[in-house]
Amino acid sequence: MTARSDSGPVTRFAPSPSGHLHVGGARTALYSWAFAKGRGGTFIIRIEDTDQKRSSDAASVGFLKDLDWLGIRWDEGPEYVAPDGTRVGGGANGSYFQSERLAIYDRYFAQLLAEGKAYEAWDSTEELDALRKEATARKEAFRYRFRGTPSAEDIARYRAEGRQPVVRFRTPQVPITIQDEVLGDATLPAGEVDDFVIRKKDGFPTYHFAVVVDDELMRVTHVLRAQEHFTNTAKHMVLQDALGFRRPTYGHLSIIKNPDDSKMSKRDKDKVLRKAVKEKALTAPPEGTVTIEEWTKWLGDDNVQLDLEGAIRLAEALKVQLPEINVDDFRRSGYLPETICNFLALNGWSPGHDIEKFDNEFLKERFSLDRVIKTPAKFDRVKLLAFNTDAINAMSREDFLRRGREHAAVFRPEYLEKLGSARFDLLLHASHERSKTLDDPFKTNGFLLVSDDALAFSDDKNVRKALSVGALAADGAKSGLEHLRAMRGVLAALPEWTQPALEAAANAYAAEHAAGKIGSVAQPLRIAVSGSTVSPPIWETLVLVGRDASLARLERCIAWASGLG
RNA sequence: GGCCCCAUCGUCUAGCCUGGUCUAGGACACCUCCCUUUCACGGAGGUAACGAGGGUUCGAAUCCCUCUGGGGUCACCA
């Protein structure tokens, strides 16, 4: 924990712990962090777990882990031990979990009630729904107004019925000007804000109340949050006035959208799966994906979401790509945290001067609210991939090796087990320059994991071309299949199975039998050991597959290709 | 529907506040060519935008108005 400096700004990121940290939230956190840290201020994490039904401890920890992975560390907030052993969080303004601050909120409820600035309301859900319907019928927005104080008898009756009151704020009927550093000022006409609930019947504060109290008590000076909160700010401002609190400076960030203009949402993954299931007209879950019960429940209700592991298994079985939505999805896909931060920073902010590539240090130095873009941006995964490719290409061999190992340890342990450390390192080296993500060495080289007799040769245009190209040539050159037959003997006779030895032998053969065109020999070999026309460089690939396996695959490929029409 | 906000290449954006240097710059994508044992990488070039209409002005992407389009919000969720 760092000592709080009184001079700098104080910002906070206040997620509600349900689900995972998604890219929009990550960007809000990044901006908040950069704004405070670039000005000698304090960055706080606060967990807004006032919705008992939706909040979970696991989700809280997940948020902290994702934030830490991105390189965003907080000066105050939940205590967390990073993988490198650093202790993060703590602080003198806790608890940083709203569910542990109930006594604090109660004091302020009492104050407002005593001053007549808030009142208890006993309306039932049904009564409220009826009022809402009426408003809709009149084509008006529903706004709750003080409906009179119930008599002592009424209250006694409600109590007997088991009703619990909520506390509503008596909103002054005056125009309210929202001051926003990003969007500029906006004035809401008098009466726009209704008497909103500040304490739920379970005794928990609503978001509006807790956020106002906590921001004051934690001395937050700048609030950066999603644009969906813009209108809420009016509520927060009238509350601050009633409570005698200071007003933080606000900045509302535009939402991040999918390329098809829909709002990025965690449901997007289920959408892709539902579509695939429908297209394939599946009636039962593929073997080893999800249970029949999960399957039935999921397909029976659009609101039910598959758990992540199940969704991943199903996506693999259906051969569809799940869209990355959450920070952890991008991590799993092999994106670098520095790339995610860089790209996210650029999605809604720009340093100007055509600068695009920068790190969090730069962002910290340069970030300012007046350069935040007001328009919703589409999240372009293609450009993100390009950024990640550049970052990976710029990495040293050693860094790529180290980070590839770290990635595999978490997401691809089977490669480490199957290949052993020497061949695993060779795989990374051989894949580095053609990798766009840390996952590419594994994602694109699944043939290394399958057993020799299970390797499937793909019967496509490129394969056929490579195997028969010579036969089609007019000069009587040999076909790829013939090269393969010949190479079987050449390779089997090799005293050692190393890249230089393999290359030398193949070159010698090609000089004599393929007019020096090594490609007409390399491609058939590639097909034989990998099953397709795409793999790391061929000599490395042969070493990765290994001598015995390569020869066995060669044999199978010759048999397979001989049967091709 | 009420209220609020926004509007530059397909996409992310620079420029707008402080009108002229904008025949509108960069990046990703796309197209062409080069390199190449596959796939990638890389190199050279190219296509591509100020939503529409009115003003103001000698001059508007930049200032004003209208329209159109987009977004947010209208919960005892945050």
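I began with strand β3 (residues 77-81) and strand β4 (residues 87-90), which run antiparallel and are joined by three bridges. Strands count as paired here if DSSP finds at least two bridges between them. Helices (H or I, at least four residues) and strands (E, at least two) are DSSP runs, numbered from the N terminus. Val-81 is opposite Arg-87 in β4. I noted five residues between the strands of this hairpin, where Gly-85 has a positive phi near 95°.

**Basis of the entries**

This is a predicted model, in which local features need pLDDT of at least 70, side-chain atom pairs count only at pLDDT 80 or more, and totals for chains, interfaces and linings use all residues. Residues are numbered from 1 along each chain as its sequence is written, chains are lettered from A and ligands numbered from 1 in the order in which they are written, and side-chain values use heavy atoms, with hydrogens and water left out.

**Helix α6**

I asked how many residues of helix α6 are buried. Nine of the eleven residues of α6 (residues 207-217) are buried, so the helix is largely enclosed by the rest of the structure. Buried means under 20% relative accessible area, exposed over 50%, and partly exposed in between (1.4 Å probe, protein chains only). Among the buried residues are His-208, Phe-209, Asp-214 and Glu-216. Their cover includes β1 (10-13), α3 (102-114), β9 (197-199), β10 (222-226) and α7 (232-243). After α6 comes Arg-219, with a positive phi near 55°.

Lys-269 is in helix α8 (residues 267-279). Lys-269 counts as buried, at 8% relative accessibility. Its side chain makes a polar contact of 2.7 Å with the side chain of Asp-329. A polar contact is a pair of N or O atoms within 3.5 Å; within protein, one must be able to donate a hydrogen and the other to accept it, and residues adjacent in sequence count only if both atoms are side-chain atoms.

Arg-366 belongs to helix α13 (residues 360-366). I found Arg-366 partly exposed, with a relative accessible area of 36%. Leaving out residues up to four places away in sequence, Arg-366 touches Trp-349, Pro-351, His-353 and Ile-355; contact means heavy atoms within 4.5 Å.

**RNA strand B**

I counted 66 residues around RNA strand B, the closest being Lys-200, Glu-356, Arg-434, Thr-533 and Ser-535. A residue is near the strand if one of its heavy atoms lies within 4 Å of it. Sugar and phosphate make up 70% of the atoms of RNA strand B that come within 4 Å of the protein. Arg-132 has a polar side-chain atom 3.2 Å from a phosphate oxygen of RNA strand B.

Which element gives the largest share of the surface near RNA strand B? It is α14, with five residues.

**Nonpolar cores**

The largest nonpolar core has 51 residues, and Leu-484, Leu-491, Leu-502, Leu-525 and Leu-542 have the most contacts inside it. Such a core is a set of buried Ala, Val, Leu, Ile, Met, Phe, Trp, Tyr and Cys residues joined through side-chain atoms within 4.5 Å. Apart from this core I noted another, of 48 residues, including Leu-21 and Leu-64.
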